[in-house]
Amino acid sequence: MLCGCKSDEVKIQERLDALVFAFNSGDMEGVLDCYDAKTRNVNKAVLGIGNGLLGMGGIDIGLSSLFALTVGLQSNGDLVRVEDVQITMNTDRTRATVNATLCYEDVDGGYDTPLQMTMIKENGDWFITP
């Protein structure tokens with residue numbers, strides 16, 4: 001009997017899809033949510049400090065809004081895509097190396113570049129780690 005459970009590879013692909021969607025949407029919080037807990041928490045703290053500094057300077061726009069604005073100005077469509085994903089698991093399936101092609105396109109053109117990232121399993125789900 002099948003449990004309907006998602007494989008690790010499917011969960012990794014879904015995390016990559018979430019990262020690309022968040023980036024292309026200008027959603028900085030969504031991008032950060034794709035990273036492991038430690039990285040996510042450190043970056044959200046820095047984001048909070050930056051927002052506080054902008055507020056003290058009389059600027060009523062947060063870093064997340066600046067990120068969204070920048071992404072919006074760079075492209076009329078999706079700015080990035082991830083293609084040709086290949087996943088290699090470690091022996092206990094708690095860490096994976098993801099090799100892919102990062103396709104970037106902005107108003108000035110575009111390029112494809114090799115991408116390699118490490119992902120770790122936390123609480124049954126997969127996250128990018130530095």
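Two strands pair if DSSP finds at least two bridges between them. The model discussed here is predicted.

Q: How many bridges join strand S3 to strand S4, and which way do the strands run?
A: Strand S3 covers residues 109-122 and strand S4 covers residues 125-129. The two run antiparallel, and Glu122 stands opposite Asp125 in S4. The number of bridges joining S3 to S4 is five.

Q: Which residue in the hairpin of S3 and S4 takes a positive phi?
A: The hairpin has two residues between the strands. One of them has a phi near 50°. That residue is Asn123.

Q: Where is Asp36 found, and which residues does Asp36 touch?
A: Asp36 lies in the loop between helix H2 (28-32) and helix H3 (37-56). Leaving out residues up to four places away in sequence, Asp36 touches Ile120, Glu122, Phe127, Ile128, Thr129 and Pro130.

Q: What is the distance from Asp36 to the nearest side chain of opposite charge?
A: Asp36 is buried and has no salt bridge. A salt bridge needs a side-chain nitrogen of Lys or Arg within 4 Å of a carboxyl oxygen of Asp or Glu. The nearest side chain of opposite charge is that of Arg40, at 6.9 Å.

Q: Which side chain makes a polar contact of 3.0 Å with the side chain of Asp36?
A: Asp36 has no salt bridge. A polar contact of 3.0 Å does link its side chain to another. The partner is Thr129.

Q: Is Cys34 buried or exposed?
A: Buried means under 20% relative accessible area. The relative accessible area of Cys34 is 1%, so Cys34 is buried.

Definitions and conventions
Residues are numbered from 1 along each chain as its sequence is written. This is a predicted model: local features need pLDDT of at least 70, side-chain atom pairs count only at pLDDT 80 or more; totals for chains, interfaces and linings use all residues. Side-chain values use heavy atoms; hydrogens and water are left out. Buried means under 20% relative accessible area, exposed over 50%, partly exposed in between (1.4 Å probe, protein chains only). Helices (H or I, at least four residues) and strands (E, at least two) are DSSP runs, numbered from the N terminus. Lys and Arg count as positive and Asp and Glu as negative; His and the chain ends are not counted. A polar contact is a pair of N or O atoms within 3.5 Å; within protein, one must be able to donate a hydrogen and the other to accept it, and residues adjacent in sequence count only if both atoms are side-chain atoms. Contact means heavy atoms within 4.5 Å.
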